[in-house]
Amino acid sequence: MFQYQGNSDIGHREGGLVRRFSKYRHKKLCPASPSAQLDISIESPLVCYGPPANSTGALLTGHLRITQTESDCPVILHKLSLSLIFEKATNYPVSRRCRACATSAQELNRWDFVTQFHLKNQTHDHPFEYRIPGHLPASCRGSLGQVIYFLHAYAKSITGEVSILKVPIKVSRALGFGVEKISIRTFPPTTLTLKLIRPSVVSLVGKFPLKVVLAGVMNKCGKTLICCRLMKFAWRIKEHQEVVSRACEKHISKAPSEGKCAIRRKTRVIGQNELIGGWNFDSAGGETSMELEASVSPAGNSSCEADCQDGLRVTHDLVIELVIIEDVRVSRKNKLHTQHCATRVLRRSFELCIAEHGGLDACPDVEMPPVYEDVPARPPVYGDSDALNHHPWFFLLALTVGENERSCYNGLLPRCAMSDL
């Protein structure tokens, strides 16, 4: 169970001002101890299984707890509410000093628990429950912007004392293990063909396998043989971030585009490595194959896939780079003459999906027990009473049931069977 405790408690008057100098501090403006305390506990992690188009969302369940501290007189609350907020923020707004341009908040749900009740030196729990829609993006913090979910609790007493508690929550998206992706790329004007086999989903933690097959290494034209030698193999994982900063109504004129928004992009490398040698060369088939492991750098502070409309969007690519040398071999007078023709740098990019692994867990909808309509019909009953009396089940039951226990089965056994007991 995840429990959060707020630092701002009931005891500060709404709109009150407390100066820095000690002579202005007063018990009415700054009491020694708060009269009540707010806590929020969440029962389970929030995970959306599957892609946004097919996900059923995540179930949010928890408790809002309000506790009165040591005080002589009880506290009377005028209002107690809780809101679930979905916020999109950008680090590069149209107007830097405008909060409306930097953030865009949406209230997903609101719970109004009470209008007025007393706190008498005890703890009050208020449970809440909500299903977060599956099409919403997961929580993400990038260098250009953030996608944040948080719970906002508000309590107000009849004397004007206000307590506000803001608790951030993390919403993750897990994708199960799927079929491996196979991509084939060509490199004109050469005859090389690259075949890459990679996992469908990659995690930020740990390594993932890559299998590379380079075909068309040798090409024969009459007495001329063109051979491509692989000198270096390198891979890089790139992260592309894009954020849409919308201008508020007050700063529409400052927007650089007609769509009343500013778009910023950033690309960085979050993992890379290179190999020089160590691959298998098949001269008969003209193929070069290798198997290696790649991973995301833990120091890169990278993010998973995210696609927030009018907000932050994060994608990843796997870049494969090859350095080859073309050799032309000509057979003259039973002698093979080799001549270096050219050195080429070949580069191709592949889509890479980085997300949370679902593991062995399944969506709650899959594990849901059957409802009443899904239960099949009961087994057929015996039509012949004589066949029912001589059934082995009733015969064994008659031997095991005592005289004092036979009355308990009067409502279960048919009359024909009870007469034999």
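Predicted model: local features only at pLDDT ≥ 70, side-chain atom pairs only at ≥ 80, totals over all residues.
Local features need pLDDT of at least 70, and side-chain atom pairs count only at pLDDT 80 or more.

**Exercise 1.** Find which strand supplies the largest share of the lining of the largest pocket.

*Solution.* Start with the pocket itself, which has a volume of about 890 Å³. Of its 40 lining residues, those closest to the centre include Cys 304 and Glu 305. (On a 1 Å grid over the protein atoms alone, a pocket is an open set of points where a 1.4 Å probe fits, with protein on both sides within 12 Å along at least five of seven lines; lining residues have an atom within 4 Å of a point.) Next, look at the strands (DSSP E runs of at least two residues): β11 (145-157), β23 (312-332) and β24 (335-352) are among those giving at least two lining residues each.

**Exercise 2.** Work out whether Glu 326 and Arg 344, partners in a salt bridge, are buried or partly exposed.

*Solution.* First, check the contact: the closest N and O atoms of Glu 326 and Arg 344 sit 3.0 Å apart. Then place the pair: Glu 326 is in β23 and Arg 344 in β24, 18 residues apart. Finally, apply the cut-offs: buried is under 20% relative accessible area, exposed over 50%, and partly exposed in between, using a 1.4 Å probe and protein chains only. Glu 326 has 9%, so it's buried. Arg 344 has 27%, so it's partly exposed.

Conventions:
Residues numbered from 1 in each chain as written. Heavy atoms only, no water. Points joined across faces, edges and corners; volume = space filled by probe spheres on them. Helix = DSSP H or I, 4+ residues; strand = E, 2+ residues; numbered from the N terminus. Salt bridge = Lys/Arg side-chain N within 4 Å of Asp/Glu carboxyl O.
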